[in-house]
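Have the sequence and the model side by side while reading. The text below goes through a few places in turn.

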Amino acid sequence: MGDNSVGEFYSVALTNNFQQADTGTKMIHLGKNTRSTVISKGISAGHGKNTYRGLIKIQKNATESRNYSQCDSLLLGDKCSAHTFPYLEIKNHTSKVEHEATTSKIGEDQLFYCAQRGISAEDAVSMIINGFCKDVILKLPMEFAVEAQKLLGVSLEGTVG
Amino acid sequence: MLTIRNLHATVDGKEIIKGLNLEVRAGEVHAIMGPNGSGKSTLAFVLAGKPGYEVTAGEIIYEGKDLLAMSPEQRSCEGIFVAFQYPIEIPGVANLYFLKAAINSIRKYRGFDELDAMELLDLVRQKAKAMNVEKGLLERSVNQGFSGGEKKRNEILQMAVLEPRLAILDETDSGLDIDALRSVANGINTLRSPNRSMILITHYQRLLGHVVPDQVHVLSQGRIIESGGRELAEELEKKGYAWAYEQRDRSVSGAAGVLQ
């Protein structure tokens, strides 16, 4: 809002079975030299669909502003999907907006590699998901982070093997 | 410790291993050589229990137990380790964390207490030093962005940490430059012990110059056609695999066979 202000948005979205999620944020820069970060993690399992839809708007007066957005998607199995729609509206020439998106998949080969090292499929999936969400979970207060990790575990129960 | 009898295995309905016999005793190092497509990697995956590799006949007895009845993670917990020809990348999971998960699930299976973070760090650092692996590798995601040499060295590090009883190294020497080959070979030699057996799967003789095997086998079209000491590897290198086929044909039919 005001000059030099900072905004941050971190999210983890998980869809399982036939769930569909369309999540995201609007980050509107009004003041000069404002900065924002958006990190969004989407996990799709089963027939789940995950969509990130986010708007980064930088007004004319918000000169020298910066935004960094990162959208990572993780797919479990081959019946789910992930989509990323970043909307960027930048009305001046001195601001910098970066967007990065990745998609990765927990594949059979990864699960077999883990199994060969003694790690069960369930443990392997939760290890990979925790690694995937690490950037966001680390931002949470400790108690909440523990809850969030457990919730991910429960929501994904039975998706593998 | 490992007995393979008349093993037949198929991948995608195609028979790759056709009646393979192999006996590995405790502490022995066996080298399996053979041309591309002879079934070397298939053998490694069959031993590890990879899904899609179906055993249609024969048996594998490992330390008196029926190996084929075990799941892949059970085999690992029982002490079987396969160093992959193409190690798999796991983005977002730190190498150290992966090792922790592996060692603790194996310890749990064997009835030991899990290691805490400090004990683990000590153990891994000490092994990394012995295996000549830079500490930086431990913080990076498993195999992601590793060079060919780093991946192979990482496999050897995992082997050192997990202390298997039977290690199968699937072309751990391929794609390495001379220095990397030497350091991987040193790692393997350090891990040689009277109660650890190894099967080295390789194309070339050059690894065997650094790691001297007790026995060398030549695999062709899904079966072992020739076995001998390390001289066999040298002879193969000089004369090529065609020579081994000739030997086989001579011993099978008593007359010089026709080469395909």
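This is a predicted model: local features need pLDDT of at least 70, side-chain atom pairs count only at pLDDT 80 or more; totals for chains, interfaces and linings use all residues.

The buried set begins with Lys40(B), then takes in Thr42(B), Leu43(B) and Ala44(B), and goes on through Phe45(B), Val46(B), Leu47(B) and Ala48(B).

Next come the empty spaces inside the protein. Rolling a probe the size of a water molecule over the atoms shows where such space is left. Across the whole structure, two cavities of 30 Å³ or more are found.

The largest cavity holds about 90 Å³ of space. Which residues lie nearest its centre? They are Ser40(A), Gly42(A), Asn50(A), Tyr52(A) and Ser73(A), out of 14 residues in the lining. Four strands of chain A, namely strand 4 (35-44), strand 5 (49-58), strand 6 (66-76) and strand 7 (81-90), each give at least two residues to this lining. Sorted by class, the lining of the largest cavity consists of eight polar, four nonpolar and two charged residues.

The second largest cavity has about 40 Å³ of space. Gln116(A) is part of its lining, together with residues of chain B, including Ser76(B), Gly79(B), Ile80(B) and Phe81(B). Further along chain B, Ile106(B), Arg110(B), Leu162(B), Glu163(B) and Pro164(B) also line the second largest cavity. Here the classes are five nonpolar, three polar and two charged residues.

Methods. Residues are numbered from 1 along each chain as its sequence is written. Chains are lettered from A and ligands numbered from 1 in the order in which they are written. Side-chain values use heavy atoms; hydrogens and water are left out. Buried means under 20% relative accessible area, exposed over 50%, partly exposed in between (1.4 Å probe, protein chains only). On a 1 Å grid over the protein atoms alone, a cavity is a set of points where a 1.4 Å probe fits but cannot get out, and a pocket is an open set with protein on both sides within 12 Å along at least five of seven lines; lining residues have an atom within 4 Å of a point. Grid points are joined across faces, edges and corners, and a volume is the space filled by probe spheres set on the points. Ala, Val, Leu, Ile, Met, Phe, Trp, Tyr, Cys and Pro count as nonpolar, Asp, Glu, Lys and Arg as charged, and the others, Gly among them, as polar.
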